[in-house]
Amino acid sequence: MSLALYRKYRPGQFSDVIGQEHVTAPLSRALDSDRIHHAYLFTGPRGCGKTSSARIMARSMNCEQGPTSNPCGKCESCINLAPNGPGSIDVIEIDAATYRGIDDAKELRERAVYAPVSARFKVYIIDEAHQLTRDAFNVLLKLVEEPPPHLRFIFATTEPDKIIPTLRSRTHHYPFRLVSAKTLAQHMALMCEREGIAADPAALALVARAGAGSVRDAQSVLGQVIAGSGPDGVTYADTVAQLGFTDEALLSQVVVAVANGDGAALFTLVEQVVTSGNEPRRFANDLLDHLRDLVVVTQVPDAARSGLFDIPNEQIDDLVSQAKLFTPAQLVRVADLVSSGLSELRGAASPKLQLELLAARLVTTEVTQDLINRVEKLEQGGPRVSATPAPVPTRARIEA
């Protein structure tokens, strides 16, 4: 059985953590200057490196050459605390979702006062810390505020607002962020190279997009795609099929049909989406992402070099040619319609019907907008016409 990629490539030092330089750089400087705080709070979305960084922090603090931001990897502590090492009795990881009550907190407090067995520091890594009850927080508060010299705490959570303010104020808070799709795609390419797997950049862009900023999620998706790949490696077609994304060629055909007001072609494509088993809401979401790229192309001519795209450069030329079929205002209107249609698809009793109604609006919106524009021009430039005729003066009627 092969090891999951997110476990196989778990970082062992701060230089291996991707997309979190705003956290790893100050922590590295603190380690190298021996200005280690007694309690840290790592927050951020799932899969962005909080727990891995907590383990690296414990490894860096307990290295025989440390505290150092570059653990030697040779001492007993470094070997035990390596990404796939056996672990250390002096570094205790606690899942607060399981050990969250006041009795668990009291037990932790009683054990924490004992000195470490062999390491420099005894480190408690408390994952999902927001799951601790308020009573448990209060039990730990005094210990976190004034711990013995050998004790360090690292709290990790996805919901920092649930950490009581008194405890949060006693920690150094480092917020982790989602990683950009371009950075994720580059990281996935490096992993495929190390695994000896050929990978299409367009396929890796889809994997990064499916990861939604989470390194761990992207690695899990990549592992799935690699497991299901054929002799050609990770291809775009296989990735689209496995992950359920809409083929870029189909989205391009939809855009052309909308631009030409070709209702027959658009409804044929919608039928193709439904009969092929694609989920209508996913299709609408993919179409909205595609339209976003077209809007960016019209607003930023050199968007490819500006880093505003998370797609391979070879697809940008196709976007430029499609964007020329619309005016900027038309593109925004179409995107608004798709966005509204996407909201209506949530929980719809008949997704196909909602998708067809969206298609009808997409090909009729130009006519409607043209009439609106004409009315606006008449109101701005022509004489204003009252909705009701002015009454004839009484004297004029009498004289008549």
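The axes of helix H12 (residues 248-260) and helix H13 (residues 263-275) cross at roughly 155° and come within 9 Å. That angle makes H12 roughly antiparallel to H13, and the crossing is left-handed. On the H12 side, the contact is made by Leu250, Gln253, Val254, Ala257 and Val258, while H13 brings Ala265, Leu266, Leu269, Gln272 and Val273. Sorted by class, the residues of this contact are 8 nonpolar, 2 polar and no charged. Keep in mind throughout that this is a predicted model.

Staying with H13 for a moment, have a look at valine 270, which lies in that helix. Is valine 270 buried or exposed? With a relative accessible area of 4%, valine 270 is buried, since anything under 20% counts that way. Set aside its neighbours within four places in sequence, and valine 270 is in contact with Leu355, Glu356 and Ala359. The C-alpha atoms of valine 270 and leucine 250 are separated by 9.8 Å, and these two residues sit 20 residues apart along the chain.

Now for the wider view. The chain has 19 helices and 5 strands. Of its 400 residues, buried ones make up 42%. Among the contacts with a separation of 6 or more, 74% come from residues 24 or more positions apart.

| Helix pair | Angle between axes | Axis distance | Handedness |
|---|---|---|---|
| H12 and H13 | roughly 155° | within 9 Å | left-handed |
| H5 and H6 | about 15° | 7 Å | right-handed |
| H14 and H17 | about 160° | 9 Å | left-handed |

Take H5 (residues 102-112) and H6 (residues 134-145), whose axes are 7 Å apart at an angle of about 15°. H5 and H6 are therefore roughly parallel to each other, as angles under 35 degrees count that way. In this pair, Ile102, Ala105, Lys106, Leu108, Arg109 and Ala112 of H5 meet Asp135, Ala136, Val139, Leu140 and Leu143 of H6. By class, that contact holds 8 nonpolar, no polar and 3 charged residues.

H14 (residues 280-299) and H17 (residues 328-345) pack at about 160°, so they are roughly antiparallel to each other. From H14, the residues in the contact include Leu287, Leu288, Leu291, Leu294 and Val295, and those from H17 include Leu331, Val334, Val338 and Leu342. The whole contact of H14 with H17 divides into 14 nonpolar, 4 polar and 1 charged residues.

Next come two helices with a buried side. Which residues of helix H11 (residues 236-243) are buried? They are Tyr236, Thr239, Val240 and Leu243. These four sit on the same side of H11, because they cover an arc of only 100° around the axis. What do the buried residues of H11 pack against? Their partners are H9, H10, H12 and H14. Turn to the face of H11 pointing away from its buried side and you find Ala237 and Ala241, which are exposed. After H11 comes glycine 244, with a positive phi near 80°.

Helix H16 (residues 316-323) has Ile316, Leu319, Gln322 and Ala323 buried. Their arc around the axis is only 120°, which puts them on the same side of H16.

Most residues other than glycine have a negative phi. Glutamate 128 is not a glycine, yet its phi is positive, at about 50°. You'll find glutamate 128 in the loop between strand E3 (122-127) and H6. Its relative accessibility is 26%, so glutamate 128 counts as partly exposed. Alanine 212 also has a positive phi, near 55°, again in a residue other than glycine. The loop between helix H9 (201-211) and helix H10 (215-227) is where alanine 212 is found. Is alanine 212 buried or exposed? Alanine 212 is exposed, because its relative accessible area is 54% and the cut-off is over 50%.

Conventions
Residues numbered from 1 in each chain as written. Predicted model: local features only at pLDDT ≥ 70, side-chain atom pairs only at ≥ 80, totals over all residues. Heavy atoms only, no water. Buried < 20%, exposed > 50% of the residue type's maximum accessible area, 1.4 Å probe, protein only. Arc of directions from axis to C-beta. Axes fitted to C-alpha atoms, helices over the stretch in contact; angles between N-to-C directions. Parallel < 35°, antiparallel > 145°, perpendicular 65-115°, else oblique. Left-handed = near helix turned anticlockwise from the far one by under 90°. Contact = heavy atoms within 4.5 Å. Nonpolar A, V, L, I, M, F, W, Y, C, P; charged D, E, K, R; others polar.
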